[in-house]
Amino acid sequence: MSFELPALPYAKSALEPYISEKTLDFHYGKHHQTYVNKLNDLVPGTKFENADLETIVKEAEGGIFNNGAQVWNHTFYFMQFSPDGCKEPKDKLKTAIEAEWKTVEDFKEAFSQAAATLFGSGWAWLVKDDAGKLSIVQTSNAANPMRDGLTPILTCDVWEHAYYLDKQNARPKYVEDFWKVLDWKVVSERF
Amino acid sequence: MSFELPKLSYAYDALEPYIDAQTMEIHHSKHHAAYTSKLNGAIEGSELEGKSIEELLANVSNHSTAVRNNGGGFYNHNLYWEIMAPGGASQPEGDLLKAINDSLGSVDKFKEAFANAAATRFGSGWAWLVKQGDSLVVSSTPNQDNPLMDVADVKGTPILGIDVWEHAYYLKYQNKRPDYIDAFWKVINWGEVAKRFKG
């Protein structure tokens, strides 16, 4: 079985001016594609030859894990954006967020802080546990919270390649703009 | 005494076309400056104030994550600016050349091992040429760690290092890290590397 780069549900210019077309050209067209290609190069002849991506993320190590998890993480990241998505969490998700952080604004601040302070390359995540309780976690490089039995529902890529062409060293500015293209409808469905 | 961002001995555009002026300016005046000020903030008013950067790094496992990350960032970038220079790269000579040949086979084999360490460091980090006594090894470290740290897998004195955080090359090379590594060979100040080898 070979893995494929999923199509984006929007044009590469659709997230302008918050995330530029040039950034998506590289981030989706080069980085994400390269992770897919490398994963396809690495799995033949291993026990993951017929495994699905989630199994690879949960069980693989080394290069297969790094590339497999980066395929999963990027797909999860790109699919949550929309130029005209739902701008605020609603209903059950809103209630669950308010149960942990009091207000949606407080949650956004805590999540933004997690994204801004992850040192090096990695990801900030909103996850839920088996009981449906929400929390914010940071992971380094390709690491994914599913390894710890948590269910991701929202993520922010803070590898420098996600924002350097648009924002250079100003990671907090990227995180601020991230909220403007996030489609909360997708996040709600995951929840 | 607090740590200070060093001035570069060459202009931001001096390493063009291999490393572009915009990258140099942001790398030095934003990234390196932030590591420097955060390091000072992390040790201010503590017993660590007044210690040399080498002392801080040698016992970094006893200190806060902020000292490890920002102390490493401060030291590593100091080294990086100094082991580069405009005007075309010289070649390793004398004792350094002999040590490279003895420890790593040849200059070409060293370059291959170093470029490979730099290209395959997953995520952010550095690749190093490390002095251990009279011999040399190639290694790489994640994030802002370095071989002076007690937490490093390969310990020793770094005499050459390449920054492979994406901020070091993304504006010019984007996803093509190997092209940046190729260009790096063109701006190495081998005289400075030899000086560090001599110790």
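**Figure 1. Salt bridges in the predicted model.** Over all chains of this predicted model, the count of salt bridges comes to 15. One of the pairs is formed by Lys12(A) and Asp25(A), whose closest N and O atoms are 2.9 Å apart. Across the interface of chain A and chain B, by contrast, the rule finds 0 salt bridges.

**Figure 2. The interface of chain A and chain B.** Chain A contributes 18 residues to the contact, and chain B contributes 18 residues. Between them the two chains bury about 1,800 Å², and 62% of this area lies on carbon and sulfur atoms. Three residues, Phe119(A), Glu160(A) and Tyr164(A), supply 38% of the area that chain A buries against chain B, which is more than any other three residues supply. Polar contacts across the interface of chain A and chain B comprise 6 residue pairs, with both residues of each pair at pLDDT 80 or more.

**Figure 3. The side of chain A that touches chain B.** Three helices of chain A, namely α1 (21-42), α3 (62-78) and α6 (164-167), each supply at least two residues of this side. The largest share comes from α1(A), with 4 residues. By residue class, the side of chain A that touches chain B consists of 7 nonpolar, 9 polar and 2 charged residues.

**Figure 4. Packing of helices α5 and α7 in chain B.** Helix α5 (residues 107-120) of chain B packs against helix α7 (residues 177-184) of chain B at an angle of about 145°, and the two axes are 10 Å apart. The crossing of α5(B) and α7(B) is right-handed. From α5(B), the contact is made by Phe114(B), Ala115(B), Ala118(B) and Ala119(B); from α7(B), it is made by Arg177(B), Ile181(B) and Phe184(B). The residues of this contact of α5(B) with α7(B) comprise 6 nonpolar, no polar and 1 charged.

Figure 5. In chain A, Glu16(A) and Pro17(A) are joined by a cis peptide bond with an omega of about -5°. Pro17(B) is found in the segment before α1 (21-43) of chain B.

Figure 6. Although Asp91(A) is not a glycine, its phi is positive, at about 50°. Asp91(A) is placed in helix α4 of chain A, which covers residues 91-101.

Key. Residues are numbered from 1 along each chain as its sequence is written. Chains are lettered from A and ligands numbered from 1 in the order in which they are written. This is a predicted model: local features need pLDDT of at least 70, side-chain atom pairs count only at pLDDT 80 or more; totals for chains, interfaces and linings use all residues. Side-chain values use heavy atoms; hydrogens and water are left out. Contact means heavy atoms within 4.5 Å. Buried area is the accessible area (1.4 Å probe) that two parts lose on being put together, summed over both. A salt bridge is a side-chain nitrogen of Lys or Arg within 4 Å of a carboxyl oxygen of Asp or Glu. A polar contact is a pair of N or O atoms within 3.5 Å; within protein, one must be able to donate a hydrogen and the other to accept it, and residues adjacent in sequence count only if both atoms are side-chain atoms. Ala, Val, Leu, Ile, Met, Phe, Trp, Tyr, Cys and Pro count as nonpolar, Asp, Glu, Lys and Arg as charged, and the others, Gly among them, as polar. Axes are lines fitted to C-alpha atoms, for helices over the stretch in contact, and angles run from 0 to 180 degrees between N-to-C directions. A crossing is left-handed if the near helix is turned anticlockwise from the far one by less than a right angle, and right-handed if clockwise.
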